[in-house]
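New notebook page. I want to look up where the ligand sits and what is around it.

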Amino acid sequence: MDLIRLTGIERVFHLGDSVVHALSRLDVAIEAGEYVAIMGPSGSGKSTLLNLLGLLDRPDAGSYYLEGRDVTTLTPDEQAAVRSQRIGFVFQSFHLVPRLTAAENVALPMMLAGIPAAQRAQRVTQALKDFGLDQRAGHRPDQLSGGQRQRVAIARATIMQPAVLLADEPTGNLDRATGDDVIHLLEALNERGMTLIIVTHDPKIGSRARRQLMMEDGLLRHDSARPSAAVAET
Amino acid sequence: MRKADVLRFARDAATAYPLRASLSVLAMAIGVAAVVVLTSLGDGARRYVVEQFSSLGSNLVIVLPGRSATGGFSPANAMTTTPRDLTVDDAAALTRLPAVRRVAPLTAGTSEINANGRLREVVVAGTASTYLEIRSFKIAQGRFLPEADWNRGAPVAVIGAKIQEEIFAGRPAVGELIRLGDRRLRIVGVLKATGQGVGGLNTDEVVFVPVGIAQGMFNTHTLFRILIEAKSRDQIEEVKREVTATLKTRHSGEEDVTVITQDAVLATFDKLLRALTAAVAGIAAISLAVAGILVMNVMLVAVTQRTAEIGLLKALGARGDTIRNAFMAEAAMLSLVGALTGYGLGLFGAFVLRQVYPVFPAYPPDWAVVAALVTSLSTGLLFGIMPARRAARLDPVQALMKH
Ligand SMILES: Nc1ncnc2c1ncn2[C@@H]1O[C@H](COP(=O)(O)OP(=O)(O)O)[C@@H](O)[C@H]1O
Ligand SMILES: [Mg+2]
């Protein structure tokens, strides 16, 4: 069974009179444990696709099955539960809560899920140690370097042990070396079984993934896993 | 999300922006403090007046010369000049009425007291032995005026506590001779200090003499008041009717006196001052509404400031109602802290008022305190709903892009 199955996905934005087809006729299947890079020029629909996968956005047409379950028909609260339990997000701009410490930021998904404080503390301590942040537990985001911030964000994204980790340009705000560290960290998580989907316009990073999805104008131009089945030109 | 976590999250969010938090707290505090202080003032005035009138004595009916036009009480009526004399014989006639327990005639004027080598101006009240019980006064030394024929009266006097202090420097005064105008009188008693006075007449500064003596001194036959004590509270109205009828007969069919009861006076003042207090509370409550609007704006700013954070919380699995509750909790906390601060400030303000005006019982009425706290909390929550719902409804993708 596929972890993710998208069929006939359409996402249309209306900007005044003009209509933008951010995603068109999209059919993709991703298996559990895969390492996928979504690539393509700016405005090609990469982020829109990732937001759909993360249930932050709904398609205008098509269906999305996550772990065999049609998630497009779920109520907002049910979708929130899926995000809480099955999906981890890593953003380009880290999105740490500035007033909370590293430990509190990492604990945030567990707090929202209603996990008792004692259990949270234990898991946060372990996670911070795993990501080499145990000296930074009490530091606020503005006291951390960019690489440290993104590691806190990754610790937060994985603390609920989601089925899939979605990363939108995770190295976009980092220098080369720090970015590579972050990529290695994500790849290590993938090696331990976590499905990893990275959006990037950096070919170097993209080529590291075992599978590449090339987007262009909302269309899936090339899927390295299915070279022959690339979408025809309209 | 657990309740304790919602509260902690809201508290941390509120304290992370101290300026806007303290602004809402301050606005709410001023509103509540205004209600507490102003109602303390209003209710203090009411209690002061009620106490002063209660001290007149129980079951009291007062006859004033002159007909009040409306029949109601007003300070102007109380000052009406005499169209027809109210005499000692009128007072004596009232003594025989069935519902009447006691009657005291009262005539008043100013004179000079000369004793112990000192001289001062005093108010002289001419009355009778019954006056003491009717007014519920207490004797400090000696006794009050002796029972006697109201038209004559022995050359004796009872002095107020302050006069004893000023003329005799606190030494026992009973038995001393004084000069009061052109009369030589012997002091038979000193009243206990009351600290009270109605209409500028502080009883501690009065010299009481038999009504006959006072009328002789001031060369008049007129009474200033007749004080009557009814046999019971239920009979006050009866006394009022009987007195009016009797005096009408005695004054050749003309109703030329005003009969007022303590209850009526009290009720009028009580009603008036309660209304005043409520009005003042209402005006102060407007500041609570203003504070509520401020809290709303502060929360709207918070939602705008923290849009990206709200998007993040949604991405991390927060439900809409979780976010709404967190923002409502924050608004409620700001209001609650503001309300409690304001309550403290208000109590302190009332305390200062009581220090500055010790006779004035400036305590906030319970209803005002409850109303102020409930209003501030509910306005805080009410005005918190809109921003909280706005936060809960934010589109996560849009929200996350705001950074
Ligand atoms: N909320 C939106 N409203 C209107 N147009 C949008 C919105 N979000 C994305 N788009 C448009 O959809 C297209 C795809 O955007 P996006 O997925 O962000 O591209 P990428 O991440 O590949 O740069 C772009 O043309 C963009 O302008
Ligand atoms: Mg993008």
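My entries on the ligand site follow, with a note on domains at the end.

Ground rules first: this is a predicted model, where local features need pLDDT of at least 70 and side-chain atom pairs pLDDT 80 or more, while totals for chains, interfaces and linings use all residues. Residues are numbered from 1 along each chain as its sequence is written, chains are lettered from A and ligands numbered from 1 in written order, and side-chain values use heavy atoms, with hydrogens and water left out.

Entry 1, the shell. I found 13 residues around ligand 1 (a heavy atom within 4 Å). Among the closest are A:Gly43, A:Thr48 and B:Gln398. Chains A and B both supply residues, so the site is shared between chains.

Entry 3, which helix of chain A gives the most to the shell? It is helix 1, with three residues. Helix 1 spans 46–53 of chain A.

The side chain of A:Ser47 puts an N or O atom 2.7 Å from an oxygen atom of ligand 1. For A:Lys46, a polar backbone atom is 2.9 Å from a ligand 1 oxygen; for A:Ser44, a backbone N or O atom is at 3.2 Å from one. Alone, ligand 1 exposes 560 Å² (Shrake-Rupley, 1.4 Å probe), and the protein buries 69% of that.

I see domain 1 (3–53 + 267–401) and domain 2 (101–231) in chain B, bounds from an automatic or database assignment. Their C-alpha centres are 56 Å apart.

Methods
Polar contact = N/O pair within 3.5 Å; in protein donor to acceptor, adjacent residues only side chain to side chain. Helix = DSSP H or I, 4+ residues; strand = E, 2+ residues; numbered from the N terminus.
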